[in-house]
Amino acid sequence: VVTLGCDVLTYVENVGGKLNAASLELLTKAKEIAATRGGKVYSVLVAASENSQEIREVAACGAEVILVYKVDESQLHNYLLHAEALMHAIMRVKPALVLVSATPWGRSLAPRVAARLGLGLTADCLDVYIDEAGDIVQVRPAFTGNLIAHIKTSTLPVMATIRSGVFPRPKPDYSRSCEAIIREELQKHTSGLEVLGLSRRKAVSLSDASVIVAVGRGLRKKEDVSLFGEIARLLGGEYAVSKPLVDAGWFEKERQVGFSGNIVKPKVYFAFGISGAPQHIAGMRDSECVIAANTDPSAPIAKYSDIFVVGDMYEVAQRLLERLKALNSRTS
Ligand SMILES: Cc1cc2nc3c(=O)[nH]c(=O)nc-3n(C[C@H](O)[C@H](O)[C@H](O)COP(=O)(O)OP(=O)(O)OC[C@H]3O[C@@H](n4cnc5c(N)ncnc54)[C@H](O)[C@@H]3O)c2cc1C
């Protein structure tokens, strides 16, 4: 790909017609980098209609040009179409920088597209900036997080996946005008092809959740998570875990909160049986309200909590669940 070196392209994750909020955060950084280089902000989006709400949302958040790859509604989960769309958009826009969210979907999509185009890819970045020489530098943890690496890529465009939650989400302005270029050719190339495993799986998105019920090593066995998952469900949220539970092979990495997992900013964050190690705190410190339950009154998580309950997490959770069920039955 020959790049003109000014524009920034973001991939908007719209899997099955559900816009992932983390993709919109990319626009904050895209605007900053494009403004420094005198370029434009482009976004690429797979959508079922040229009038979809997602297009309005992306425009309101700062994209100047949106390449909309129109597909049948039944194909919105089709992984191959998303990959084709991103590749096609890169070839067409020839941007200086391509940003993709490091969600489970983005982490899978970006390396494949990079490999197909012969590009380097810096995964899981915490920042991107332009240095004094005018080069794009990508920042990411290295050596299990003991070092922060500043990386320049020798291939162009520079391509990076960015962790959810590291850039603020732009304030939408629905009066902004934006050019939408509708493309319909993808379907013809890939009709009949579908990656079933990936397309059918419901991805967990902690970055979108307004309530997170997180459990740590206080959890005695994997199955016990159902108690905490039920609280999350009743509150319209998601359950999450600390790193040791992922390391034990009990849960997927996409449920992990912390420095080497997801950075989250829910309205309410419950921490059940989590000690509050710095690497965990790094992932949830911007939560609006933190409620923790721990048997150890001196657990560090207490310092970061708005409400700290000293007690057994199972007992506290059971009582909370009963109260929520009672409230629910009164309101329904
Ligand atoms: C490079 C690096 C990156 C890391 N990244 C992450 C990351 O992204 N996310 C992350 O979470 N960690 C991360 N860690 C690990 C981190 O340092 C901690 O080891 C981890 O967060 C501890 O998890 P925990 O709080 O669940 O377990 P512990 O520290 O063992 O704490 C368990 C807590 O549960 C309490 N407890 C036990 N039983 C009960 C009960 N019945 N009721 C109530 N409370 C109970 C205990 O009092 C204790 O406070 C990273 C470490 C490194 C070196």
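Notes on packing, sheet and voids

1. Helix α7 (residues 225-234) and helix α10 (residues 313-331) have axes that come within 10 Å and cross at roughly 35 degrees. Axes are lines fitted to C-alpha atoms, for helices over the stretch in contact, and angles run from 0 to 180 degrees between N-to-C directions. The crossing of α7 past α10 is left-handed, meaning that the near helix is turned anticlockwise from the far one by less than a right angle. Helices (H or I, at least four residues) and strands (E, at least two) are DSSP runs, numbered from the N terminus.

2. This is a predicted model: local features need pLDDT of at least 70, side-chain atom pairs count only at pLDDT 80 or more, and totals for chains, interfaces and linings use all residues. Residues are numbered from 1 along each chain as its sequence is written, and side-chain values use heavy atoms, with hydrogens and water left out.

3. From α7, Leu227, Phe228, Glu230, Ile231 and Leu234 meet residues of α10 including Met313, Tyr314, Leu321 and Lys325; contact means heavy atoms within 4.5 Å. By class, this contact has 10 nonpolar, two polar and two charged residues. Ala, Val, Leu, Ile, Met, Phe, Trp, Tyr, Cys and Pro count as nonpolar, Asp, Glu, Lys and Arg as charged, and the others, Gly among them, as polar.

4. Five strands form an open sheet in the order β14-β13-β15-β16-β17, with parallel pairing; two strands pair if DSSP finds at least two bridges between them. β14 (238-241) and β17 (307-310) are the edge strands, each pairing on one side only. Neighbouring strands are turned by 15 degrees against each other on average, direction ignored.

5. β16 (residues 289-294) pairs with β17 over four parallel bridges, and asparagine 294 has valine 310 in β17 as its bridge partner. α7 packs on the sheet, touching β13 (211-215), β14 and β15 (268-272), and its direction makes about 170 degrees with that of β13. α10 also packs on the sheet, touching β13, β15, β16 and β17; the direction of α10 makes about 140 degrees with that of β15.

6. Which residues line the largest cavity? They are Ala102, Arg107, Asp124, Arg163, Ser164, Gly261, Asn262 and Ile263. On a 1 Å grid over the protein atoms alone, a cavity is a set of points where a 1.4 Å probe fits but cannot get out, and a pocket is an open set with protein on both sides within 12 Å along at least five of seven lines; lining residues have an atom within 4 Å of a point. By class, this lining has two nonpolar, three polar and three charged residues.
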